[in-house]
Every structure is written in C-alpha cells, then in structure tokens.
Amino acid sequence: MTTEARNSHPIYFVGAFATGGLLTFMVHLNGELARYGNPLFSSWTAHGTGIIAAVILLLMVHRRRTPRVEKAPNAPWWAYFGGISGAATVILTSTAVNSPLGLSGTLALGLAGQVAFSVAADSWGLFGLPKRRPDRRDIAALGLVVTGAALIILFGRGAA
C-alpha cells in the first residue's frame, strides 16, 4: 500500500468496500439472467441497463459548464477497450456462477485473478502504470488470497 493510500480519507475505503458488495450483487443478478436465458443475454441486458442508468444520471447531474480554453489530453487507444473486458467479465462470471463454483467460488477465484493480474501489471508497468517491483507483502497478500479462494472452493458452501 502506498503512503498516499494510507493517508486517504476513509470514505474511499468505505466506497471500495461497498463496491465489493455491489459487485457481488451484480454477479448474482447476471448469473440469474444467464440461468434463465444465456450468458450473452446476461451481458447485453447488464450493459443495456447500464447505459440507461448512465444517461439518467447524466441528465440529473448535468450542469452548464464554461468552455475550457485548453484541450484535455486524449485517452490512450487501449483505454477504449474497457467495454470488451466488461462484456467478457459478465459472460464468464454468469457462466461460472451457475457452475458448481457458485457465487462465492466465482468471486473468490475472480479476486485471486484480480490480485495476480494487478501485481503483474505493477511489475511490468502495463497500461501506463509506473513499474513497481512486488515486495514480500505483495506476494504474501497474493498467496493469502489464493489460499482463501482454495478454502472457499474446496471446503466452503456446506461441503462435508
């Protein structure tokens, strides 16, 4: 954890924690749509309702802004592919949540994948991130998350 993160306002930590709860709820709802339809239907529905919600939110908070004199820098080309990974995430989690992994196993493995990818992205400086060599704490955290995922999958959910 960086010094800036340790000194951040607590609302950011609360927001990040709440996001985890919302993610769990979203995966469950998308899984239900996939169970009664299919994973592609789940992805289309999730992103379609997301567009509607975003438009409503934009209409509610839209304010007249004064034009800026300077032009904002353009986002890198790869930043526009977030929707592709979002669609793939919905399709894959909608499939996995309806498998023997269930909701907790799907999210546990998903968290392990997120931590592993983020350590690799930091290490290699992917997507414009500053290169940061993983230390023992990073590796220990990854090991604990993977171990926790294994415990949930192998021994959780009422396993005998």
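# Exercises on helices and a salt bridge

A search of the whole structure, which is a predicted model, turns up four salt bridges.

**Exercise 1.** Find the salt-bridge partner of arginine 132, and say which parts of the chain the pair links.

*Solution.* Start with the general idea: side chains of opposite charge can pair when their charged atoms come close. Next, look around arginine 132: its partner is aspartate 122, and the closest N and O atoms are 3.4 Å apart. Check this against the cut-off, which is within 4 Å for a salt bridge. Aspartate 122 sits in helix H5 (102–124), while arginine 132 is in the loop between H5 and helix H6 (136–155). The two residues are 10 apart, and the pair links distant parts of the chain.

**Exercise 2.** Describe how H5 and H6 are arranged, and what kinds of residues make their contact.

*Solution.* Two packed helices are described by the angle between their axes and the distance between the axes. Here the axes of H5 and H6 come within 9 Å and cross at roughly 165°. Angles over 145 degrees count as roughly antiparallel, so H5 and H6 are roughly antiparallel to each other. Their crossing is left-handed. Now list the contact: H5 contributes residues including Ala108, Ala112 and Val115, and H6 contributes residues including Leu142, Val146 and Ala149. Sorting the contact residues gives 13 nonpolar, two polar and one charged.

**Exercise 3.** Compare the UniProt record with the model: which residues does the annotation "transmembrane region" cover, and what is the structure of residues 12–29 and residues 41–61?

*Solution.* Begin with the record. The unreviewed UniProt entry gives "transmembrane region" for residues 12–29, 41–61, 77–97, 103–127 and 139–159. Then turn to the model. Residues 12–29 are 100% helix and 0% strand, with end C-alpha atoms 25 Å apart. Residues 41–61 are also 100% helix and 0% strand, and their end C-alpha atoms lie 30 Å apart.

Key. Residues numbered from 1 in each chain as written. Predicted model: local features only at pLDDT ≥ 70, side-chain atom pairs only at ≥ 80, totals over all residues. Heavy atoms only, no water. UniProt positions renumbered as here; feature names shortened; annotations may be inferred. Helix = DSSP H or I, 4+ residues; strand = E, 2+ residues; numbered from the N terminus. Salt bridge = Lys/Arg side-chain N within 4 Å of Asp/Glu carboxyl O. Axes fitted to C-alpha atoms, helices over the stretch in contact; angles between N-to-C directions. Parallel < 35°, antiparallel > 145°, perpendicular 65-115°, else oblique. Left-handed = near helix turned anticlockwise from the far one by under 90°. Contact = heavy atoms within 4.5 Å. Nonpolar A, V, L, I, M, F, W, Y, C, P; charged D, E, K, R; others polar.
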